[in-house]
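Below are some notes on the model you sent, as numbered points. They keep to what can be checked against the coordinates.

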Amino acid sequence: MAELPGPFLCGALLGFLCLSGLAVEVKVPTEPLSTPLGKTAELTCTYSTSVGDSFALEWSFVQPGKPISESHPILYFTNGHLYPTGSKSKRVSLLQNPPTVGVATLKLTDVHPSDTGTYLCQVNNPPDFYTNGLGLINLTVLVPPSNPLCSQSGQTSVGGSTALRCSSSEGAPKPVYNWVRLGTFPTPSPGSMVQDEVSGQLILTNLSLTSSGTYRCVATNQMGSASCELTLSVTEPSQGRVAGALIGVLLGVLLLSVAAFCLVRFQKERGKKPKETYGGSDLRRLLLFTQNLPIPIREDAIAPGISEHTCMRADSSKGFLERPSSASTVTTTKSKLPMVV
């Protein structure tokens with residue numbers, strides 16, 4: 001008897017297993033699934049196998065951009081019992097429970113933005129032959145755009161360029177942005193207005209006074225739209241220079257005023273200071289007095305009883321002041337200090 005080749009035996013065995021129903025086959029939609037925020041998502045999963053005591057179903061979830069190996073279980077069915085688990089445990093269930101008639105569809109209620117990702121439907125039923133026991137479903141939770149934030153940067157004088165920006169922090173799928181100018185104004189010249197619908201940036205070049213006005217940015221996706229507005233004011237370059245010069249003049253006047261005030265106040269304070277009453281001879285006389293020695297009379301001293309106004313007179317012809325020769329108005333008093341001639 002001829003011996004059958006190995007490949008022929010393997011093919012025959014696979015065909016026998018398939019004909020006898022000892023194979024697990026999981027089917028899921030090939031197209032991504034999308035569900036509006038707050039609604040219920042049904043992730044369809046069907047399978048074919050002969051359900052036995054070892055039958056087990058598992059649903060798991062992995063965030064966008066991460067490998068399947070980092071998936072986390074969200075629901076088990078084994079030994080005739082259902083076990084929801086993880087952060088979604090209160091919102092997940094099966095369309096049919098128990099899932100023993102070929103339907104393993106998952107229901108996820110009140111979907112959140114964080115529910116966006118890949119869901120894995122896996123059926124285990126040993127000793128059935130596993131041909132395709134795993135199905136993957138991509139779910140996107142649709143979120144309307146949040147109110148965008150408008151901003152502006154660049155030079156806003158005539159002939160300059162500026163960039164208007166618009167961005168929404170939320171929105172799935174990612175919003176597209178469109179800038180419009182409010183009111184009735186002349187159409188900008190070709191090339192002076194460039195818009196990027198993906199980044200939300202509007203670039204305005206070769207600005208003129210007619211470029212001034214209110215601009216509105218509208219963020220839109222299939223769930224809705226939201227907008228923000230920004231007012232652009234274009235000025236003449238000379239206006240900026242005049243304003244700078246005016247500010248400089250005002251600062252200069254202010255500094256001069258402060259300096260004049262300080263000078264006047266300094267002069268007043270200086271006039272109030274008492275004059276020195278002691279010279280070199282005064283100190284010598286003071287020392288003699290403290291030592292009970294004769295004290296010489298100052299030559300420029302004014303005798304007691306003589307008014308300061310009467311002891312000096314003006315001589316217009318000579319141009320200087322001299323002491324009067326008459327002593328008729330002089331009154332004498334006795335001095336308690338010894339006199340030295």
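Predicted model: local features only at pLDDT ≥ 70, side-chain atom pairs only at ≥ 80, totals over all residues.

1. Aromatic pairs. Rings of Phe, Tyr and Trp (its six-membered ring) are taken as a pair if their centres lie within 6.5 Å; planes under 30 degrees apart count as stacked, over 60 as edge-to-face and the rest as tilted. On that basis Tyr47, Phe55 and Phe77 are linked by ring pairs into a cluster. The structure as a whole holds 3 aromatic pairs. In one of them, tyrosine 47 and phenylalanine 55, the ring centres are 5.2 Å apart and the planes meet at 35°, so the pair is classed as tilted. Tyrosine 47 is buried, at 7% relative accessible area, and phenylalanine 55 is buried too, at 3%.

2. The protein has 3 helices and 21 strands. Of its 341 residues, 26% are buried. Taking contacts between residues at least 6 apart in sequence, 59% join residues at least 24 apart.

3. Salt bridges around aspartate 115. The count of salt bridges comes to 3. One of them joins aspartate 115 to lysine 88, with the closest N and O atoms 2.7 Å apart. Aspartate 115 sits in the loop between β9 (106–108) and β10 (117–124), while lysine 88 sits in the loop between β7 (81–84) and β8 (92–94), so this pair ties together parts that are 27 residues apart in sequence. Aspartate 115 and lysine 88 are both buried.

4. Arginine 91 belongs to the loop between β7 and β8 and aspartate 115 to the loop between β9 and β10, so the pair ties together parts 24 residues apart in sequence. Here again both residues, arginine 91 and aspartate 115, are buried.

5. The salt bridge between strands. Glutamate 229 and arginine 216 form a salt bridge whose closest N and O atoms are 2.6 Å apart. This pair links distant parts of the chain, 13 residues apart: glutamate 229 is in strand β19 (residues 224–232) and arginine 216 in strand β18 (residues 213–221). Are these two residues buried or partly exposed? Glutamate 229 has 44% relative accessibility and so counts as partly exposed. Arginine 216, at 29%, likewise counts as partly exposed. As for shared partners, salt bridges join Lys88, Arg91 and Asp115 into one network.

6. Lysine 88 and a ring. Besides its salt bridge to aspartate 115, lysine 88 lies over the face of phenylalanine 61, 4.4 Å from the ring centre.

7. The sheet containing β18 and β19. Which strands form this open sheet, and in what order? There are 3 strands, ordered β15-β18-β19, and their pairing is antiparallel. β15 (176–181) and β19 are the edge strands, each pairing on one side only. On average, neighbouring strands of the sheet are turned by 20° against each other, direction ignored. The antiparallel strands β18 and β19 are joined by 9 bridges. Asparagine 221 has glycine 224 in β19 as its bridge partner.

8. The sheet containing β8 and β9. A further open sheet of 3 strands has the order β3-β9-β8, again with antiparallel pairing. Its edge strands, each pairing on one side only, are β3 (41–43) and β8. Neighbouring strands in this sheet are turned by 25° against each other on average, direction ignored. Between β8 and β9, which run antiparallel, there are 3 bridges. Serine 93 has lysine 107 in β9 as its bridge partner.

9. Serine 60. Where is serine 60 found? Serine 60 is in strand β5 (residues 56–62). Its relative accessible area is 5%; the cut-off for buried is under 20%, so serine 60 counts as buried. Leaving aside residues up to four places away in sequence, serine 60 touches Ser71, His72, Pro73, Ile74, Thr118, Tyr119 and Leu120.

Key:
Residues numbered from 1 in each chain as written. Heavy atoms only, no water. Salt bridge = Lys/Arg side-chain N within 4 Å of Asp/Glu carboxyl O. Helix = DSSP H or I, 4+ residues; strand = E, 2+ residues; numbered from the N terminus. Buried < 20%, exposed > 50% of the residue type's maximum accessible area, 1.4 Å probe, protein only. Pairing = 2+ DSSP bridges. Axes fitted to C-alpha atoms, helices over the stretch in contact; angles between N-to-C directions. Lys NZ or Arg CZ within 6 Å of the ring centre and 35° of its normal. Contact = heavy atoms within 4.5 Å.
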